[in-house]
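Please look at the sequence and the model shown below. The text that follows goes through its aromatic rings and then one of its sheets.

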Amino acid sequence: MEYDERLANFRQTRLNPFDRGEEEDGLHGGKTPPLRESKPELFSGTRTHSSDRTMDLGLAEDHFSRPMGSIVASDIEQLKMAIEECKKLILELPEHSERQKDTVVKLIHLRLKLQELKDPEEDEPNLRILLEHRFSKEKSKSVKQTCDKCSTIIWGLIQTWYTCTGCYYRCHSKCMNLITKPCVRSKVSHQSEYQLSICPEIGLDRQDYRCAECRTPISLRGVPTEARQCDYTGQYYCSTCHWNDTAMVPARVIHNWEFESRKVCRSSMRYLALMISRPVLKLKEINPLLFNFVEELVEIRKLRQDILLMKPYFITCKEAMEARLLLQLQDRQHFVENDDMYSLQDLIDISSGRLSCSLTEIHTTFAKHIKLDCERCQAKGFVCELCKEGDILFPFDSHTSVCHDCSAVFHRDCYYDNSTTCPRCARMTDRKQDEEPA
């Protein structure tokens with residue numbers, strides 16, 4: 001924090017006290033001798049007068065006040081020379097000494113000035129659209145980020161940078177015209193399905209020994225660039241396109257019920273992050289045997305089936321609509337639409353046990369409203385027409401069975417012991433026959 005305050009003060013005042021010949025006690029809490037008196041000691045040996053002047057460049061007050069007109073290239077070259085002089089001097093001075101600390105501060109000032117000359121402040125638009133990216137200008141100055149294009153640090157204090165609101169791609173303003181990767185969100189919109197083969201490797205020879213994304217030459221020996229495999233696509237990428245990020249791979253979850261994170265490339269990481277909550281996995285078709293080995297899946301499927309049976313009660317009940325009971329599942333909208341589609345996040349939460357707890361609680365709340373709290377919903381219950389005994393039945397009760405043709409509800413034991421047809425179906429058939437003309 002102390003360094004940040006000093007650096008902020010420097011940026012505001014554009015002054016440096018080292019060249020004034022005055023005593024300064026703001027940077028280190030003590031007095032620093034004037035620079036002119038310290039030059040013979042700081043630049044000993046073969047240092048010439050010209051090198052002294054080079055070191056002074058960028059530290060004087062009049063230099064930080066930007067002159068009229070454009071900045072000539074010689075200013076940048078002289079700043080580079082001053083930076084090199086500072087770096088050499090830091091190595092020569094005693095470690096942790098006050099003079100070494102002062103020189104480090106000078107080096108920081110020089111580098112900031114050089115960066116400012118290279119990237120002059122201009123009015124940048126707040127929103128830019130490029131390759132389906134919607135880049136929004138960032139206002140944060142203190143958060144440390146890395147540019148996804150050039151893989152270098154974004155210095156928010158002195159550099160303008162943007163973030164895509166769709167896929168969260170970050171880059172310097174100066175790197176935007178070099179971007180060749182389209183927004184991953186567009187791929188999610190056009191191709192909402194996973195690669196369901198486990199690490200489908202095709203080999204470097206099929207990739208012509210080039211990165212699968214930017215086509216940079218790569219090899220497993222790291223010459224000229226290290227080849228890194230993405231566990232999701234199975235292809236190889238360069239270190240610029242593959243930062244050794246990790247993510248859960250859907251194919252390993254569905255086929256092996258394995259939730260260990262694997263190394264994936266940058267584009268795969270963003271794609272998986274955007275897809276994680278999308279219900280695109282139909283487990284009954286992809287791996288039906290999974291329900292035989294994962295008991296939690298069977299439990300979740302039964303809860304989802306019950307919720308679908310409760311839904312007609314809520315959409316015709318005024319009290320339920322006012323209480324917005326169904327909004328308790330707004331984060332998993334597909335749970336009130338079907339019982340066979342899952343998202344990757346659903347499977348992760350099933351494995352951890354979180355989904356079972358939350359869904360059981362919602363199921364209990366729904367059942368309480370229908371069977372106890374709401375008289376209108378209670379009136380829509382059923383009486384077992386086979387035994388004509390017992391309490392009012394509802395289709396989501398665990399001890400009931402539902403007729404597939406007319407949706408009448410019976411005691412399970414009565415339904416399976418009955419050798420005749422459903423009484424309600426029989427009445428409906430007789431009614432139709434009576435209505436037919438003779």
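How many aromatic pairs does the structure hold? In this predicted model, the structure holds 7 of them. A pair of aromatic rings is described by two values, the distance of the centres and the angle of the planes.

One of the pairs is formed by F135 and Y169, with the ring centres 6.3 Å apart and the planes at 70° to each other. Planes over 60 degrees apart count as edge-to-face, and this pair is edge-to-face. F135 belongs to strand β2, residues 133–137, while Y169 lies in the loop between β5 (161–164) and β6 (170–172), so the pair ties together parts that are 34 residues apart in sequence. Are these two residues buried or exposed? Both F135 and Y169 are buried.

A further pair consists of Y232 and Y271. The distance is 6.3 Å centre to centre, but the angle between the planes is 35°, and the pair is tilted. Where do its two members lie? Y232 is in the loop between β7 (228–229) and β8 (236–237), and Y271 is in helix α9, residues 266–275. The pair therefore ties together parts that are 39 residues apart in sequence. Y232 has a relative accessible area of 5%, and Y271 has one of 2%. Buried means under 20%, so Y232 is buried, and Y271 is buried as well.

Ring pairs can also join into a group. Y313, F394 and F396 are linked in this way into a cluster.

Which residue lies over the face of Y162? It is R128, at 5.8 Å from the ring centre. In a second case, the charged end of R304 sits over the ring of Y342, at 4.7 Å from the centre of that ring.

Now turn to the sheet that contains β2. Strands of a sheet pair through backbone hydrogen bonds, and the pairing is either parallel or antiparallel. This open sheet has 4 strands in the order β1-β2-β5-β6, and their pairing is antiparallel. Which strands form its edges? They are β1 (127–130) and β6, each of which pairs on one side only. On average, neighbouring strands of the sheet are turned by 30° against each other, with direction ignored.

The pairing of β1 with β2 can be followed in more detail. These two strands run in the antiparallel sense and are joined over 4 bridges. For I129, the bridge partner in β2 is R134.

Terms used:
Residues are numbered from 1 along each chain as its sequence is written. This is a predicted model: local features need pLDDT of at least 70, side-chain atom pairs count only at pLDDT 80 or more; totals for chains, interfaces and linings use all residues. Side-chain values use heavy atoms; hydrogens and water are left out. Rings of Phe, Tyr and Trp (its six-membered ring) pair if their centres lie within 6.5 Å; planes under 30 degrees apart count as stacked, over 60 as edge-to-face and the rest as tilted. Buried means under 20% relative accessible area, exposed over 50%, partly exposed in between (1.4 Å probe, protein chains only). A charge sits over a ring if NZ of Lys or CZ of Arg is within 6 Å of the ring centre and within 35 degrees of the ring normal. Two strands pair if DSSP finds at least two bridges between them. Axes are lines fitted to C-alpha atoms, for helices over the stretch in contact, and angles run from 0 to 180 degrees between N-to-C directions.
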